[in-house]
Amino acid sequence: MATVLSVSGSPSATSRTTRLLRHVDAQLAERGHHVVPFEARSLPAHALLSGDFGHPEIVAVTELFAQADGVVIGTPVYKAAYSGLLKALLDVLPQYALAGKTVLPLATGGSPAHVLAVDYALRPVLSSMGAGHITQGWFVLDRHVTAGEDGTTLVERETDALLTPVVTGFADALERLSVPALTCG
């Protein structure tokens with residue numbers, strides 16, 4: 001199956017965005033995909049902010065993108081846009097780092113007023129980076145992603161029911177791309 005890079009653009013150590021991504025990762029892994037979780041906050045700030053393309057950790061994350069068949073990009077929404085941390089990460093990647101890749105954009109936020117951030121802020125930058133196919137994105141309210149007493153992620157039932165077809169669409173797109181084309185003759 002496909003290799004999926006699951007990128008959290010949240011600067012928070014207790015991020016609901018990251019929790020949501022790990023929930024999605026589990027669904028993709030159940031379908032047989034190899035999921036590589038990555039948190040942009042693990043990168044050195046000085047390398048990101050100075051655009052140090054040769055920094056070993058920037059080189060390593062660039063290679064993660066290159067090796068992935070698909071990418072899930074998750075971000076909290078701040079002021080109607082994706083996070084500055086995610087912006088800094090995308091800025092240090094090669095211009096066409098998403099070329100030929102299937103991409104699933106996800107966002108979390110505190111208000112339904114931010115629901116359009118996926119399509120009007122995040123989707124254009126992913127497209128400009130050459131994404132081969134950007135599947136339907138999804139926005140989830142922060143309050144619908146919580147931590148259970150045992151630390152597990154809990155996604156509100158209705159939210160999960162709405163998210164599942166989005167993840168399925170992404171997985172289906174990955175699987176269609178990994179099936180070799182039949183030739184006649």
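This is a predicted model: local features need pLDDT of at least 70, side-chain atom pairs count only at pLDDT 80 or more; totals for chains, interfaces and linings use all residues.

Guide: Residues are numbered from 1 along each chain as its sequence is written, and side-chain values use heavy atoms, with hydrogens and water left out.

Visitor: How many salt bridges are there?
Guide: The count is six, taking a side-chain nitrogen of Lys or Arg within 4 Å of a carboxyl oxygen of Asp or Glu.

Visitor: What does Arg31 pair with?
Guide: Arg31 meets Glu175, 2.7 Å from N to O. That pair links distant parts of the chain, 144 residues apart: Arg31 is in the loop between α1 and β2 (34-39), and Glu175 is in helix α6 (residues 157-178). Helices here are DSSP runs (H or I, at least four residues), and strands are too (E, at least two), numbered from the N terminus.

Visitor: Which residues make up the network around there?
Guide: Arg31, Asp172 and Glu175 are linked by salt bridges.

Visitor: Is Glu175 buried or exposed?
Guide: Buried, at 17% relative accessible area; the cut-offs are under 20% for buried, over 50% for exposed and partly exposed in between (1.4 Å probe, protein chains only). Arg31 is partly exposed at 31%.

Visitor: Switching topic, where do Asp25 and Arg22 sit?
Guide: Both are in helix α1 (residues 16-30), three residues apart, about one turn. Asp25 is buried at 7%, while Arg22 is partly exposed at 24%.
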